Amino acid sequence: MHRNADYPNVVVMNHPLIQHKLSILRDVGTGAKEFRELVKELAMLMAYEATRGFQLAETTVTTPITETTTYVLAGKKVAVIPILRAGLGMVDGILELIPAAKVGHVGLYRDPETLQPVEYYCKLPEDIGERDILIIDPMLATGGSAAAAVQFLRDKGARTINLLVIIAAPEGIEQVIKSCDDVRIYTCCVDSHLNEHGYIVPGLGDAGDRLFGTK
Ligand code: PRP
Ligand code: URA
């Protein structure tokens, strides 16, 4: 894990397992089944890192040998918010680590002409304001979708917001920071730039299409 001096709120997860899986994910020859498995595994590894700051509380446990003082999570309430559709691919991996998390859905798609986010669905846990939020989406490109999701959640009373994206473009990071400078961004890699169609270079192509086999 390292912090980029240019972006203090960005955590780049450079663990060897993450980088290995990311290489296979990027490969144009990786099929939908393996792509889905990798997105799930990467999401789980990212959640492991993103929850490092969770508070612990002391408890007492009796082992087969003796009674001992040990630690459990201090009642942390978490909401996982996938940005539809590609964010769905990351949900199960995170729920395997945090099964008590509630899941909210924000439906946004990027207009292919204007690259602006268009909202089409929203269903959030009622107590969203009391939960630590993990917004999940494999790709942060222009940042329009993520910034819209963050603003949307803020309007609904959300407080601590973390954004987990497998690949980020510098343009997307800057857009999110510009619109909301207290969001922490976790990513496996900050790629080079966007191409003329708004795709991340080198990226992995269209994450939603590769997950769901729609192209
Ligand atoms: C992709 C991706 C992000 C968004 C990123 O979704 O999953 O949500 O684009 O681009 P941006 O940073 O420029 O907004 P897309 O709009 O293709 O919808 P989909 O998940 O339904 O395929
Ligand atoms: N959305 C994707 O799925 N891929 C990109 O490279 C950019 C936006």
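**Exercise 1.** What should the 12 residues of helix α4 (residues 144–155) span, and how far apart are its end C-alpha atoms?

*Solution.* This is a predicted model: local features need pLDDT of at least 70, side-chain atom pairs count only at pLDDT 80 or more, and totals for chains, interfaces and linings use all residues. Residues are numbered from 1 along each chain as its sequence is written, and side-chain values use heavy atoms, without hydrogens or water.
- The expected span is 1.5 Å times one less than the number of residues.
- For α4 that should be 16 Å, and the end C-alpha atoms are 16 Å apart, which agrees.
- Buried (under 20% relative accessible area, 1.4 Å probe, protein chains only) residues in α4 include G144, A147, F152 and L153.
- Just after α4, G157 takes a positive phi of about 100 degrees.

**Exercise 2.** Describe how α2 packs with α3.

*Solution.* 
- Start with angle and distance: helix α2 (residues 32–50) and helix α3 (residues 88–97) pack at about 45 degrees, with axes 7 Å apart.
- That makes α2 oblique to α3. Oblique covers what is left after under 35 degrees (roughly parallel), over 145 (roughly antiparallel) and 65 to 115 (roughly perpendicular).
- The crossing of α2 and α3 is right-handed.
- Contact means heavy atoms within 4.5 Å. Among the contact residues are V39 and M46 of α2, and I94 and L97 of α3.
- The residues of this contact divide into nine nonpolar, two polar and three charged.

Key
Chains are lettered from A and ligands numbered from 1 in the order in which they are written. Axes are lines fitted to C-alpha atoms, for helices over the stretch in contact, and angles run from 0 to 180 degrees between N-to-C directions. Helices (H or I, at least four residues) and strands (E, at least two) are DSSP runs, numbered from the N terminus. A crossing is left-handed if the near helix is turned anticlockwise from the far one by less than a right angle, and right-handed if clockwise. Ala, Val, Leu, Ile, Met, Phe, Trp, Tyr, Cys and Pro count as nonpolar, Asp, Glu, Lys and Arg as charged, and the others, Gly among them, as polar. Buried means under 20% relative accessible area, exposed over 50%, partly exposed in between (1.4 Å probe, protein chains only).
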